[in-house]
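Reader: Could you take me through this structure slowly, and tell me what lies behind each term that you use?

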Amino acid sequence: MFRIIKKSLKTRVVTGQYPKTESASRLVSPEAAHKMKPFQHSLTIREVDTGSCNGCEMEMNALTNSVYDVERFGIHIAASPRHADALVVTGPVTVNMERALKDAYKATPDPKMVIALGDCALNCGVYKGSYAVAGPVDRHIPVDVRIPGCPPRPAEIIDALQALRLDENRGPQSLF
Amino acid sequence: MSTIDPNSSDPAVEALQAAFGAAIIKRDSLRGIPILTLKKDDVPVVAHYVHTHPSLRGTLSLLWAVDHRPHEARYGLFYLFTLTEHRDWLLLSTELRDDDRLFHSITPHVHAAQWYEREIRDMFGLIPKGHPDLRRLVRHEHWPKSTHPLKKDFQWDTVLKRAQGEYTFRHIEGEGVFEVPVGPIHAGIIEPGHFRFSVAGEPIMQLEVRHFWKHRGVEKLFEQQHMTAGVPLAERVSADTTIGHSLAYCQAVEDLFDIDVPIRARYLRTLFLELERLHNHLGDVGAICNDTAYVVAHSHCGRLKERIMQLNDRLTGSRFLRGVNRVGGVALQLTAEQMSGIVEELNDIERDFSEIERILSANASLTDRLETTGVLSERIAWDHGVMGVVGRASGIDRDLRRDRPFAAYDQLSIKVSLYRYGDVRARMRVRLDEIHESIRLIRVIRTQMPSGPIMADPTRTPQSSEWALSAVEGWRGEILYMVMAGQEGQIHRCKVRDPSFVNWPAIQWAVIGNIIPDFPLINKSFNLSYAGNDL
């Protein structure tokens, strides 16, 4: 026990120790910001992988480590689409995952946001045109926000999620 | 392509010649790999002999098919065995001429062939006669009949129609037996796959893994590429193994173009491959602890993994080391300051990690959860040809870095970590050992790294239908690539094999008798790629 406490004291706070990126507010349309209003203070995300190379998953996982720690912004990862405010979809939609994506979308309660994460979700990336790929995410479900990158860095994902919460009346929400 | 050596005195080949002289049509060799071309009907008996004979003990490492049309009306089938006793490769091959669609399944004798043969059936429409399980593997039930994407008359950008169909799971029936379906979308941030458990009370009686949800047609996409342009796609087979896959691809193409990669580039490739091993192993140790609800360790390991990802980013501009490997060498030079910066950072990480390791090993309840959980016996591991971290935790003493040195590993001595218990703890201990070994290797690389160029040019152009095999010990295990040249520098066929494809069936055995709540823990201790498996 003492060893664990000693280690924690020695390590100190690492949260926020990452290179900053450019502001991502250009990614957010006024419609998306408006739709985001109910989730200004708390956003619960369900991640759905429809055929990525797993890079986007690794960066989504990194969001929950102690360096990025998205919980400090009121962003949670839910285990089920039924508990989610937003679906984060990664990868091109494969022929085999098309149905599962639509089911997950239907299972997510309204109002809901759909965030397409990574180049593949936006335009199928290197898999574009393949017989096994049934198009980008917005061919199958309505997409509100598009975050490009192959894969986007965790800091870029955080910036995009934060930009979504710009309140048109009050300016940017404070982080803490 | 192949240099025929009539005086070859390979003991394995001689033994086979003596036992099956009549079955062997041709003896050949390709860059030191002996190739025996067999009559189609004799493949199962020869494969059985190679697999079981005490002087050979071959495990099936790769099985692939090639459609030679439109130039020749035939399919080639290739069976690559790793001979345990010689730590060497042996390739058996056969062919199906004209309209012949039947080949003899070797699965009843060589268990490891089961998914390969089903894959060949799906992708080429060739039927493995005598295979005990002829259900679809890659093509899910809503794919139309007679869709075989790797046949040459199938267009890569075909828009598939939807059909009706049903996949039948293996059922266990009886009083109190329940089925628990899980997936394809899971609770965590992980990739999609379906698991079907049959349980009676708590213990799992059977697990059936159903995958290929993420099938993106990677091998067909390779066939649309020029040989020198396939690296970005190889990097995206499985992002966590960016360096492993791109390196295996580059090596195969470099073999075809006869490129002698400069020694400094080989050292740099080794360095980046070890960095990739490090960030994945650190993440895995944390994730295994997390699945026993030991969050402290998970937080610390996640922090260290992140440090390496940020180091990668600073060095190469990519957290996943994308864009590093190129056909002919590497894309970037590291300065002496950068090298010592890497070693300093890793020294600090190792100090930090050793403290975490002491906390882990002092925790009795963690050890209790890990020991005897998810045991994969050496026998089952060997039967399935299991490799990599999972294999070395079950007594399978294989590591390509030592057995078939590539990049700069011929200049380094590797200490291979080996355990025999085959439980989650053994798989974690292999990772712990390999973390220290990787850091040690990077220190050695820094002292030995020669100066010089980092790119080399091709010295020849491969003829159509020449091919090359390449193998890399990635952090998960053996990554194999077969690249066959086509017309005008195009790829005719590229077979990609991530170790996950081999290790997934084995997890079905490791969970038997365990409880479902331990499945995430066992799954995490295997940590297999879905993207690399589904292709």
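Author: Let us begin with the word domain, whose bounds here come from an automatic or database domain assignment. This is a predicted model, in which local features need pLDDT of at least 70 and side-chain atom pairs count only at pLDDT 80 or more, while totals for chains, interfaces and linings use all residues. Residues are numbered from 1 along each chain as its sequence is written, and chains are lettered from A and ligands numbered from 1 in the order in which they are written.

Reader: Which domains does chain B have, and what separates the centres of domain 1 and domain 3?

Author: Chain B is divided into domain 1 (11–129), domain 2 (177–210) and domain 3 (218–534), and the centres of domain 1 and domain 3 of chain B, taken over C-alpha atoms, are separated by 27 Å. Their contact takes 13 residues from domain 1 of chain B and 17 residues from domain 3 of chain B, where two residues are in contact if their C-beta atoms, placed from the backbone, lie within 7 Å.

Reader: What makes S1(B) and S2(B) a pair of strands?

Author: Strands are DSSP runs of E with at least two residues, helices are runs of H or I with at least four, and both are numbered from the N terminus. Two strands pair if DSSP finds at least two bridges between them, and six bridges join S1 (residues 24–30) of chain B to S2 (residues 33–38) of chain B, so the two strands count as paired. They run antiparallel, and B:Asp28 has B:Ile35 of S2(B) as its bridge partner. Two residues lie between the strands of this hairpin, in which B:Arg31 takes a positive phi near 45 degrees.

Reader: Why are H7(B) and H14(B) called roughly antiparallel?

Author: Helix H7 (residues 263–290) and helix H14 (residues 424–448) of chain B pack at an angle of about 150 degrees, with their axes 9 Å apart. Axes are lines fitted to C-alpha atoms, for helices over the stretch in contact, and angles run from 0 to 180 degrees between N-to-C directions. Angles under 35 degrees count as roughly parallel, over 145 as roughly antiparallel, 65 to 115 as roughly perpendicular and the rest as oblique, and therefore H7(B) and H14(B) are roughly antiparallel to each other.

Reader: How many residues do chain A and chain B bring to their contact?

Author: The contact takes 38 residues from chain A and 42 residues from chain B, and on the side of chain A that touches chain B, H3(A) gives the most, with six residues.
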